[in-house]
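Thanks for coming. I have one structure today, and I will go through the side-chain packing a piece at a time. Please have it open in your viewer.

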Amino acid sequence: MLYVGLIWLQPGGWISDEPMRWIGIPIAIYLFEFMVIDMYLSLAFLAWPIRSPNYFHVIDRRIYLWNWSRVGKAANSGAFAVILLVSGWVWLGTIIAVGLLVLKCVSLRWLLQAGAAGPRA
């Protein structure tokens, strides 16, 4: 809701002539990464006998460190919002959102290599 509200509060919505024009682009990239890929990663713990993603270090330490450790959680969730809201630099928000998307895709590859069930053809 934070990101929908941020877009809604911008004059002109997704695209405007204001300093934060095009704000919808980094937000759309981030929401796709968060709501699609990260959701799959976050529910993947169910494939193993662990209680939550917070225990994923037992399965794969790399995935855990990059996604669910304290630093990983802060970087994946808070950094994007804070940097975008404080700086107002849409280009920086876009770079961070694309970087997070790449990280989540790499984590997804590691997850599939670790033995999580992928899409069946």
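Let me begin with a charge and a ring. Arg 62 sits over the face of Trp 110, 4.3 Å from the ring centre. Keep in mind that this is a predicted model.

On confidence, the protein chain has a mean pLDDT of 82, with 81% of its residues at 70 or more. Which element has the lowest mean pLDDT, and which the highest? Helix H1, residues 2-9, is the lowest at 66, and helix H3, residues 61-67, is the highest at 94. Where pLDDT is low, the coordinates should not be read in detail.

Now the overall layout. The protein chain has five helices and zero strands. Of its 121 residues, 38% count as buried. Taking contacts with a separation of 6 or more, 60% are between residues 24 or more positions apart.

Next, the core. The largest nonpolar core has 13 residues, and those that touch the most other members are Leu 41, Trp 48, Ile 50, Phe 56, Ile 63, Trp 68 and Leu 111. At least two residues of this core come from each of helix H2 (24-43), H3 and helix H5 (90-114). A separate core of twelve residues lies apart from it, including Ile 23, Leu 84, Ile 96 and Ala 97.

What is Ile 63 in contact with, leaving aside neighbours within four places in sequence? The list is Phe 56, Trp 68, Ser 107, Trp 110 and Leu 111.

Ser 107 is on that list, and it is found in helix H5. Its relative accessible area is 0%, so Ser 107 is buried. Not counting residues up to four places away in sequence, Ser 107 touches Leu 41, Ile 63 and Asn 67. With Asn 67 there is a polar contact, side chain to side chain, at 2.9 Å.

Trp 48 is next. This residue lies in the loop between H2 and H3. Is Trp 48 buried or exposed? Its relative accessibility is 17%, and the cut-off for buried is under 20%, so Trp 48 counts as buried. Beyond its neighbours within four places in sequence, Trp 48 is in contact with Phe 56, Ile 59, Leu 111, Ala 114, Gly 115 and Ala 116. Trp 48 and Ala 116 are 68 residues apart along the chain, and their C-alpha atoms are separated by 8.4 Å.

That leaves the aromatic rings. Searching the whole structure gives five aromatic pairs. One of them is Tyr 30 with Phe 34, which is stacked, with 5.9 Å centre to centre and 10° between the planes. Both residues lie in helix H2, four residues apart, or about one turn of the helix. Tyr 30 is buried, at 3% relative accessible area, whereas Phe 34 is partly exposed, at 38%. Trp 48 and Phe 56 make an edge-to-face pair, because their ring centres are 5.4 Å apart and their planes stand at 85°. Both Trp 48 and Phe 56 are buried. Finally, ring pairs join Tyr 30, Phe 34 and Phe 80 into a cluster.

To recap two items: Ser 107 has its side-chain polar contact with Asn 67, and Trp 48 reaches Ala 114, Gly 115 and Ala 116 among its contacts. That is all I have.

Notes. Residues are numbered from 1 along each chain as its sequence is written. This is a predicted model: local features need pLDDT of at least 70, side-chain atom pairs count only at pLDDT 80 or more; totals for chains, interfaces and linings use all residues. Side-chain values use heavy atoms; hydrogens and water are left out. pLDDT is the predictor's confidence in each residue, from 0 to 100. A nonpolar core is a set of buried Ala, Val, Leu, Ile, Met, Phe, Trp, Tyr and Cys residues joined through side-chain atoms within 4.5 Å. Buried means under 20% relative accessible area, exposed over 50%, partly exposed in between (1.4 Å probe, protein chains only). Contact means heavy atoms within 4.5 Å. Rings of Phe, Tyr and Trp (its six-membered ring) pair if their centres lie within 6.5 Å; planes under 30 degrees apart count as stacked, over 60 as edge-to-face and the rest as tilted. A charge sits over a ring if NZ of Lys or CZ of Arg is within 6 Å of the ring centre and within 35 degrees of the ring normal. A polar contact is a pair of N or O atoms within 3.5 Å; within protein, one must be able to donate a hydrogen and the other to accept it, and residues adjacent in sequence count only if both atoms are side-chain atoms.
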